[in-house]
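Good morning. Please have the sequence and the structure open while I talk.

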Amino acid sequence: MLGMCRGRRKFVAASLALIFIPALTWLYLSSANFTVKPLPLSPLDPQSSVLIGAAAEHQDLELRLQDVEEHNHALRREISLPPRVPNHSSHHSNSRQGNHLHTHSTEEGTGDSEAKKGATSSNSSDCVPQPVVNKCETIHIAIVCAGYNASRDVVTLVKSVLFHRRNPLHFHFITDSIARKILADLFHTWMVPAVHVNFYDADELKSEVSWIPNKHYSGIYGLMKLVLTKTLPSDLQKVIVLDTDITFATDIAELWVVFHKFKGQQVLGLVENQSDWYLGNLWKNHRPWPALGRGFNTGVILLLLDRLRKLKWEQMWRLTAERELMSMLSTSLADQDIFNAVIKQNPFLVHQLPCFWNVQLSDHTRSEKCYKDVSDLKVIHWNSPKKLRVKNKHVEFFRNLYLTFLEYDGNLLRRELFGCPSETDHNSENTSDARGHLPAVPAIRSGL
């Protein structure tokens, strides 16, 4: 009996040894993986100094982020403020320019290099501050328009300008009685806010230019842009002059701002002619009027009227025309020939515009060099006698753009310009001639 008890105790001791020995071994090995970090007993302890340094660095980062946020808020406030109108006199220095072929600006040029600049301009940043137009500044536009056909074209032009515009506009129309009746009816019907219209009697101006023989299909009206300094109000300082066969594809304020880039005695903003007409090589014995290089197209003109009057523009162009007519006998391209003859003698007068401001769809044109993409287009000029039937690589696109504005409902152009003083009279009293207001006229079909 005693032997059996001793055997059981040995069996129990052996079992406990088999259980506790591995457990103790595991606990010993596990305790080797843990280290107890002593708590810092003093602020001078190295570990506590590391924690304090990290906290200080975090606080410094927060302060810098706060400074950046405050700076960004200040920039946003500055950007949200309305732009200041640049001082007119500050942008027109009185330094005299030499008689070079072209007096260049940062925008000018024609051909492949300009097209590349236009294609990449949206992806480049320019640190030089660009001039801007105050959103409430009135843009003045002068157009010579006579007859039914010209009225049809000018309505399409006006729609394209109004569609893209963001500024108040003041139209100056030199018209015959037919065009005046059509345009007055349209503006009375459309009732477009922030648009003023003045009419000037073209019949009264015929004697100023009727002495100049003209072979161009525009007839005597194609010469009337020469007398705008005399026709338009004497207090009007600058104006954009447009042919009726123009279609705008951008906001006209972008063109108006170019006036701020005129330098020295520059008074005319023009795009280089995109055909070889003035090079005199289109056919045998072709003899064009004198011009500077390829010459300039007068479908889009920026006129500094106040400076032209000081330069005695009337006397300048008349003397030039009289001299050239002694050998040329007549003009072939109406006022454009005379403008180019004046510029040939006085190159410092011209500021060359980028060619996308007058993409000319005439025969033998180089207009395709003016754009790489649809976004590059600014102004399309149908200056061929064939008009919409002209041959061009992209004529289908240009034709669709023209037809879109031709069929566009003018009532859809009746939108307010937010942030500018509201108009109490919406064209009903704004359509006037140079001497007084027009009487009320009945409205015609508003979709024109």
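Predicted model: local features only at pLDDT ≥ 70, side-chain atom pairs only at ≥ 80, totals over all residues.

Start with strand S9 and strand S10, the latter being residues 379-381: the two pair in the parallel sense over 2 bridges. Across that pairing, valine 359 stands opposite isoleucine 380 in S10.

Two packed helices are described by the angle between their axes and the distance between the axes. For H4 and H12, the axes come within 8 Å and cross at roughly 90°. Angles of 65 to 115 degrees count as roughly perpendicular, so H4 is roughly perpendicular to H12. On the H4 side, the residues that meet H12 are Arg152, Asp153, Thr156, Lys159, Ser160, Phe163 and His164. On the H12 side, they are Tyr402, Phe405 and Leu406. Sorted by class, this contact has 4 nonpolar, 3 polar and 3 charged residues.

Helix H10 covers residues 313-328 and helix H11 covers residues 335-345. Their axes come within 9 Å and cross at roughly 100°. H10 and H11 are therefore roughly perpendicular to each other. Here H10 contributes Trp313, Met316, Trp317, Thr320, Ala321, Arg323 and Glu324, which meet Ile338, Phe339, Ala341, Val342 and Gln345 in H11. How do the residues of this contact divide by class? There are 8 nonpolar, 2 polar and 2 charged.

Trp317 comes up again in the next topic, the nonpolar core. The largest such core has 105 residues, and the members that touch the most other members are Phe171, Phe173, Phe248 and Trp317. Helix H4, residues 147-164, gives the largest share of this core, with 7 residues. Take phenylalanine 171 as an example. Leaving out residues up to four places away in sequence, phenylalanine 171 touches Ile141, Ile143, Val158, Val161, Leu162, Phe187, Val195, His196, Val197 and Asn198.

Next, strand S6, residues 268-272. Is this strand enclosed or open? All 5 of the 5 residues of S6 are buried, so the strand is largely enclosed by the rest of the structure. S6 has strand partners too. With strand S7, residues 296-304, S6 runs antiparallel and is joined by 4 bridges. In that pairing, leucine 268 has leucine 303 in S7 as its bridge partner. With strand S8, residues 350-353, S6 runs parallel, again joined by 4 bridges. There, the bridge partner of leucine 270 is glutamine 352 in S8.

Glycine 264 has a relative accessible area of 5%, so it is buried.

Now two backbone angles. Most residues other than glycine have a negative phi. Methionine 191 is not a glycine, and yet its phi is positive, about 50°. Alanine 194 also has a positive phi, near 60°. Where are they? Methionine 191 is in the loop between helix H5, 177-190, and strand S3, 195-201, and alanine 194 is in the loop between H5 and S3 as well. Are they buried or partly exposed? Methionine 191 has a relative accessibility of 28%, so it counts as partly exposed. Alanine 194 has 10%, so it counts as buried. The cut-off behind this is that buried means under 20%.

Last, the protein as a whole. It has 12 helices and 11 strands. Of its 448 residues, 47% count as buried.

Conventions: Residues numbered from 1 in each chain as written. Heavy atoms only, no water. Buried < 20%, exposed > 50% of the residue type's maximum accessible area, 1.4 Å probe, protein only. Pairing = 2+ DSSP bridges. Core = buried A, V, L, I, M, F, W, Y, C linked by side-chain atoms within 4.5 Å. Contact = heavy atoms within 4.5 Å. Axes fitted to C-alpha atoms, helices over the stretch in contact; angles between N-to-C directions. Parallel < 35°, antiparallel > 145°, perpendicular 65-115°, else oblique. Nonpolar A, V, L, I, M, F, W, Y, C, P; charged D, E, K, R; others polar.
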